[in-house]
Amino acid sequence: MGDAVWNWLVGLGGFLLGILALASKDLLVAKVKLLLDFLYGRFAGSRLLRRAALAKYTRELYRRHREFPVSFQADEALKLPMESVYVPLYGGESTTENRPALSETLRRARHSVVLGVPGAGKTLLLRHESLMWARQRVREDSSRVDLGDLREIPVLLELHRCNKDPDLTLEQQVVRHFARHGFPRADTWVAGALGRGDLALYFDGLDEVATDLRAKVVELIKEFADTYADCRIVVTCRVAVYEGQFTEFDQTLRVRDFDEHLIRRFLGGWPWRAGTATDTVDQVLGALRDTPQIMSLARNPLLLTMIAYLYDFVYAGTDQVLPHTRADFYKQVIGSLLADRRQTSYALPLKKAVLQHLALAAQDIPSGTHDRLALPEDEVLKTVRTVLEQQGRDVALAEDVLKEIVHRSGLLLAVDNGERYQFAHLTLQEYLAAMVLAADPAGLLRRYEADPQAWRETVRLWCGVEPRDCTEVVRAVYRRDPVLAFQCLADAHVVDDDLAEQVLWRFKSELRHRDADEQVLAAFGLVAGDRRRRGVLLFDYLTDVVRMPTGPQSARGAARALAATNLPKAVEVLAPLAHPDTPAWHALASMGDLAVPVIRTAAETNPSAVGMLRAIRTPKAARALAGLLWHRNPETETLSAFHLGELLTVPEIEAELRTAPAPGSQDPPAMAPAASEGLDRLDWVWRPFAQGPDDSLVPIAGRIAWIIDQERLDQNRTGTDLPTPDPRIIAALAVIKHSSPDADERVGPVERVPAELLEWVGHRRWMPSGSSVPAPDGPRFSNSHLSLFLEDLETELESSNSFVLQQSQALLESAGLSTHRLNLTRMLPDRLQLRAAVALLRQSEFAAVQSWDTLPPETERRRPSHRVGSGCCSLAFLGFALSVVGWVSSLAAKNIPTPDHPQLTMAAAAVLVLGAAQVFRRRQAASGRRRNAATHPVREYVLKPLLRPGPP
């Protein structure tokens, strides 16, 4: 009994000691962590911990910017994944196919200003730039950071912070920014990084700086830009607030609206909830095409987000679709966003009444007033109190009501750091103002006559707000602005037939006798696209005109008006009449996916139709182009290759073609390079970027590459007449030896070093820091030396693009590259073009296909186990051979009758040992080739940048 008690006591004591040990361990770990955090906070800026601090900063950038919140919420905050939802923004009035994205344009200048309306995506542009920088350095699981090249380190500084601490310098604000992102005490390092030009400063929201501080902040930014001229600096601001304060900056860019191609990209990246129909994107786009009024709203990123929200959170599981008028759309959006499924403190009617009166107050501001769309905070609160008093509520609730509207709906935005308030989009304000005046047509006309420019759209929306007779309003408007009266016919519920016919007759006559302007054609499209009787009759009239025109003006106008309806039946009318350079031909090109089948058929006999497919820039158009890669007309094939090659840079088109059947391809994509060449394809070109063995892009891109390579580019063929294909295809053709007329081409020694490069070398250190290559003994430079010069010149690329690229091209030409390869390198992005020159100069012969056609670097690092396995198999084979030799010898030793058994033994031994040795030697050679391919300059300088996310 005593022993049992003793054993129980010992067990209990051991158990308690174990618990105490575990508790002490956790306590010790916590204390050690506190100590390490304290030491890091004290010494993060020291040389010892600097790279660790930068790695932590990079990881924090990635964490903060990989998702972004939006104000349209259902049951909880909605956060969207940046990489999938973000759509490249473009500046000016250009189209997406002939101008670079804003992100690329910003990298071409040191100092830039970006302007845009609310909701245009200015802040998102800067957040995406920061994310892409961090994304290139953070591994997939976020456990490791490869800092690599520490230049252009992004610093996204919200300028509204200057309101809180106006006495801080911008340098101090930058130091605080790093502290907020896990890099404390960075003042010494920041000073050095600014002096070296290693930072990219993104000053976001000049309009959010308090009005009385704005001039001071502008001067601080100007002084900052002068002091740190080598740093990239970008300032964003609302259009209405900007007064040209930074005229000395290199460029001022304005964000332009989305086109249909960018709308599709946005919807394709939206994280649709589980259970959403797979064809939701096509449904939304179809609804937008059916309602031109709503399509015009979807061109603003903020309003497009509202449309996606409606489909994802409101229409899901119902038969609802987008309404056909702007007025009905705004009614749905405002009702849905104000209703908010979460618990709210104030009822929807109260909040709607507040927004309506605020809209009328903002709309009453004369159009010539600076920043007329933003209301001061005191005036906003005064309006809210008035509404509360009218509804018998406590006026002390004004601030809480305003806060709920701003934070829960996203319809009203706080700007200028909360000093002023503005509607998320001007048309929201115009619609709500029209709602207030729904029963006051006289008040509406009085305001319109006093300020027609400001009230034009409100008049149109008023006609569609309620099912009323709009005849007198349209009649009054017609006397002053016939085009506006024409547009009102599409919105109005009821208009006297005689007045409507009078308006239509005027513009029908104009259509027959002269070229109509864009506003008139858009009005024709709106009215003819209406499903009511008046719209059907006008559509039939336009059909008759385009089929039997009275002159070139009438045919051109009627075709464009039909295209403006965006109706499938308009395609049916235009398709039989569409021939090159006819009105119907050009009108079809503006109808997007609706026109793809017709244009695809036309391309069978007319190569000029290929460019029209590219201009549409949708996955459906890309599939049509893929089918033309195996066409019997060489010109059609060439145009299709270049145009589709350029479209591969669009992510959703690349994703679509990965699963598309490859036209003209009968063999599996994973065929050997030599076999694919025999089928007029270079499949090895795309294999490093393939996603699985059945990736259809392998044969499609291989066909594009083969066609481009056979084209033998000369100086006249590159330039403006053909688009630039995806750099992943061009880079492979430029640096890899493959079956072509230049298969025996070599990279010879550079015969002449340009004088400008020699002068540059003379004014700087002769070699890059850390180089182990000895200086040349004489005036000649080896290709290795020259490649190092170019690598060092990469630091000058942003500020001296033309000089750097000119030197690289001159060296390659002197080394004996063909015109074809030189032109291929010129088609690469600037930084990749320089890297390709470095890789080419570091080899005497062009890299073999194996240097490109291998697994990505991350995969290759996991391959040693396979190599070990191969070596083990070889050893096993050798052991088997020796055992066979021993078996034959034992037979001989036992005098088993075999003819000439000593000779048999020795022959078997020789054959098997030699065979095993040959297998072992071949496997060793293959392993060596794989190692050489994995470390070849082409992989290091050209392929690896292309495998990373973001721009190469």
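Predicted model: local features only at pLDDT ≥ 70, side-chain atom pairs only at ≥ 80, totals over all residues.
I began with strand S6 (residues 232–238), which is mostly covered: seven of its seven residues are buried (buried is under 20% relative accessible area, exposed over 50%, partly exposed in between, with a 1.4 Å probe and protein chains only). Residues are numbered from 1 along each chain as its sequence is written, and side-chain values use heavy atoms, without hydrogens and water.

**Entry 1: around S6**

I checked both faces of S6 and found them covered, with Arg 232, Val 234, Thr 236 and Arg 238 buried on one side and Ile 233, Val 235 and Cys 237 buried on the other. Helices (H or I, at least four residues) and strands (E, at least two) are DSSP runs, numbered from the N terminus. Two strands pair if DSSP finds at least two bridges between them. Strand S3 (residues 111–116) runs parallel to S6 and is joined to it by six bridges; there, His 111 has Ile 233 as its bridge partner. Strand S5 (residues 199–204) also pairs with S6 in the parallel sense, over four bridges, and I found Tyr 202 opposite Val 234.

**Entry 2: the open sheet**

Next I looked up an open sheet of three strands, ordered S8-S10-S9 with antiparallel pairing. Strands S8 (375–376) and S9 (412–415) are at the edges with a single partner strand each, so one side of each has no neighbour in the sheet. Two bridges join S8 to strand S10 (residues 420–423), and Leu 375 stands opposite Tyr 421 in S10.

**Entry 3: salt bridges**

My rule was a side-chain nitrogen of Lys or Arg within 4 Å of a carboxyl oxygen of Asp or Glu, and by this rule the count comes to 37 salt bridges. One of them joins Glu 152 and Arg 110 (3.4 Å, N to O). This pair links distant parts of the chain, 42 residues apart, and both residues are buried.

I then turned to Glu 472 and Arg 475, whose closest N and O atoms are 3.7 Å apart. Both lie in helix H21 (residues 471–480), three residues apart, about one turn of the helix. Glu 472 counts as exposed because its relative accessibility is 54%, whereas Arg 475, at 30%, counts as partly exposed.

Last, I noted a network of salt bridges linking Glu 654, Arg 658, Asp 695, Asp 726 and Arg 728.
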